[in-house]
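User: I would like to read this structure feature by feature. Please give me the general idea each time, then the case at hand.

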Amino acid sequence: MRLSCTVNGTPQQVDDVWEGESLLYVLRERMGLPGSKNACEQGECGSCTVYLDGLPVCACLVAAGQAQGREVGTVEGLTPAGAAPGELHPVQQAFLEAGAVQCGFCTPGLLVATDDLVHRSLAEGRKPADAEIREALAGNLCRCTGYEKILDAVRLAADRMAADPTAEAAR
Amino acid sequence: MDFLQPATWEEALEAKAAHRDAVPIAGGTDVMVGINFGRLRPSLLLDLTRVPELQQWADDDGAVRLGAGVPYARVISELGDRLPGLAMAARTIGSPQIRNRGTVGGNLATASPAGDAHPALLAADAEVEVASTRGTRRIPVTEFYRGVKRSALADDELIAAVRIVPPRGPQQYSKIGTRNAMVIAVAAFGLALHPDRRAVGTGIGSAAPTPRRAPAAEEYLAGELDGLWDSRAELPAATATRFGELVAEASAPIDDVRGTARYRVHALSVMARRALTWAWADYRKGDPTCA
């Protein structure tokens with residue numbers, strides 16, 4: 001079947017999509033967007049977290065056809081269009097500086113989940129509390145870092161994004 | 001495999017009537033796992049996420065009619081006050097990503113004994129509204145579960161909604177797992193106190209072939225509370241302990257990878273005792289919802 005949807009603000013159309021295929025497979029194998037990672041394929045690990053119509057979801061659990069006409073935001077879309085080469089989104093920069101990236105496999109999902117959390121909190125005029133950070137990232141597994149540096153990165157990103165309210169959500 | 005995306009409820013029912021082996025999909029948190037792992041190869045996937053009626057809830061004739069496709073995240077954010085027991089259950093489900101997609105309708109359709117919504121639905125005397133081109137019927141949730149992952153749903157029917165009367169008394173929910181997120185329950189328990197009709201509702205999860213109530217425990221507790229509803233006096237500790245024992249006796253668990261039968265029985269007695277202690281404390285404070 002044919003699938004048309006908007007990915008990171010750009011209309012995309014792909015053909016010959018198998019009806020049982022996941023949105024994750026379409027993104028990685030048909031649209032050339034391998035940022036979202038394929039690990040557990042059962043919604044456990046969060047490595048494939050993307051925005052679907054503005055809400056973070058596991059792309060592995062979305063049937064491709066369910067994304068028809070919808071807006072998808074992936075980790076590749078975090079950096080705004082027109083950014084200079086190498087320019088990073090504040091969440092990406094914070095993960096880098098805080099040492100929150102080791103093997104890096106879980107990082108794309110964590111970046112999207114963090115972006116969502118920070119924007120939701122800042123929209124309510126506050127920074128996320130530690131308990132909220134833990135809750136928001138509960139569906140993103142990291143087997144390297146032990147999470148402490150990830151929590152540091154989220155706090156750092158929230159501080160910087162609170163100071164620069166022009167940063168746009170990728171959703 | 002075919003993929004159908006009905007835009008209206010009528011179209012969805014017609015499609016199910018014409019393709020009885022079609023597998024409905026909403027949040028995909030069960031169906032896509034089956035497909036991803038090659039365990040499920042339906043001839044047709046029936047995507048229900050475009051049917052507007054399923055995405056809504058409304059007050060209807062004294063009950064909340066919760067569309068089968070409302071995701072758990074919205075049950076928590078929009079119905080925490082009206083349906084506290086179900087909202088508490090919803091908070092224990094998966095992760096934010098899963099709660100943004102998973103639905104009560106999907107939990108019912110899968111009818112797993114470990115489904116997190118079931119104990120809350122049982123305790124609250126929910127009804128399941130199912131429909132086909134033949135018409136609509138309401139099934140008390142106690143009669144909905146028919147076996148491990150089997151339900152009273154006919155092969156041409158779809159789940160339209162669940163109906164729950166907002167409670168007049170406190171509700172509680174408790175779940176045991178290896179951590180607070182992303183776990184299939186080792187055992188779960190839902191409790192509803194109904195001071196308006198001097199009754200008690202219970203729901204047991206993950207500790208029998210189907211989700212089930214604990215009728216003897218309900219009857220015992222209703223009897224013990226008979227003199228206490230009006231006085232709101234302290235509940236004797238022995239009563240809570242006995243209630244826990246009776247709840248555990250109603251279970252019929254197995255040993256599996258998540259836990260032993262013996263552990264599940266013990267956990268249930270503890271969860272039921274604690275849930276009752278919390279709920280009665282809420283009732284004594286006069287807090288009807290404790291959400």
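Analyst: Start with domains: their bounds come from an automatic or database domain assignment. Here chain A is divided into domain 1 (3–77) and domain 2 (90–163). This is a predicted model: local features need pLDDT of at least 70, side-chain atom pairs count only at pLDDT 80 or more, and totals for chains, interfaces and linings use all residues. Residues are numbered from 1 along each chain as its sequence is written, while chains are lettered from A and ligands numbered from 1 in the order in which they are written.

User: How many residues of domain 1 of chain A are in contact with domain 2 of chain A?

Analyst: Two residues are in contact if their C-beta atoms, placed from the backbone, lie within 7 Å. By that rule, 13 residues of domain 1 of chain A meet 11 residues of domain 2 of chain A. Strand 3 (residues 49–52) of chain A gives the largest share of the domain 1 side, 3 residues. Strands (E, at least two residues) and helices (H or I, at least four) are DSSP runs, numbered from the N terminus. The C-alpha centres of the two domains of chain A are 21 Å apart.

User: What are the domains of chain B?

Analyst: Chain B has domain 1 (1–48) and domain 2 (171–284). Their C-alpha centres lie 36 Å apart.

User: How many residues does each chain bring to the contact between chains A and B?

Analyst: In general, the size of an interface is often given as the accessible area lost when the parts come together. Here we count residues: 24 from chain A and 24 from chain B. On the chain A side, strand 4 (residues 55–58) of chain A gives the largest share, 4 residues. That side has 11 nonpolar, 10 polar and 3 charged residues. Ala, Val, Leu, Ile, Met, Phe, Trp, Tyr, Cys and Pro count as nonpolar, Asp, Glu, Lys and Arg as charged, and the others, Gly among them, as polar.

User: Which residues have the most contacts inside the largest nonpolar core?

Analyst: In soluble globular proteins, nonpolar side chains tend to be buried together. A residue is buried if 20 or more other C-beta atoms lie within 10 Å of its own, exposed if 12 or fewer, and partly exposed in between; C-beta atoms are placed from the backbone. A nonpolar core is a set of buried Ala, Val, Leu, Ile, Met, Phe, Trp, Tyr and Cys residues joined through C-beta atoms within 7 Å. The largest has 136 residues, and Ala59(A), Leu86(B), Val247(B) and Leu268(B) have the most contacts inside it. Helix 11 (residues 261–284) of chain B gives the most to this core, 9 residues. Leaving aside residues up to four places away in sequence, Leu268(B) touches residues including Phe189(B), Ile204(B) and Val247(B).

User: What is the strand order of the 5-stranded open sheet in chain B?

Analyst: Strands of a sheet pair through backbone hydrogen bonds, either parallel or antiparallel. Two strands pair if DSSP finds at least two bridges between them. The order is 4-5-10-6-7, with antiparallel pairing. Strand 4 (57–60) and strand 7 (135–140) of chain B are at the edges with a single partner strand each, so one side of each has no neighbour in the sheet. Strand 6 (residues 127–132) and strand 7 of chain B are joined by 6 bridges.

User: How is the open sheet of 3 strands in chain B paired?

Analyst: Its order is 1-3-2, and the pairing is parallel. Strand 1 (2–4) and strand 2 (23–25) of chain B are the edge strands. Strand 1 and strand 3 (residues 44–47) of chain B share 3 bridges.
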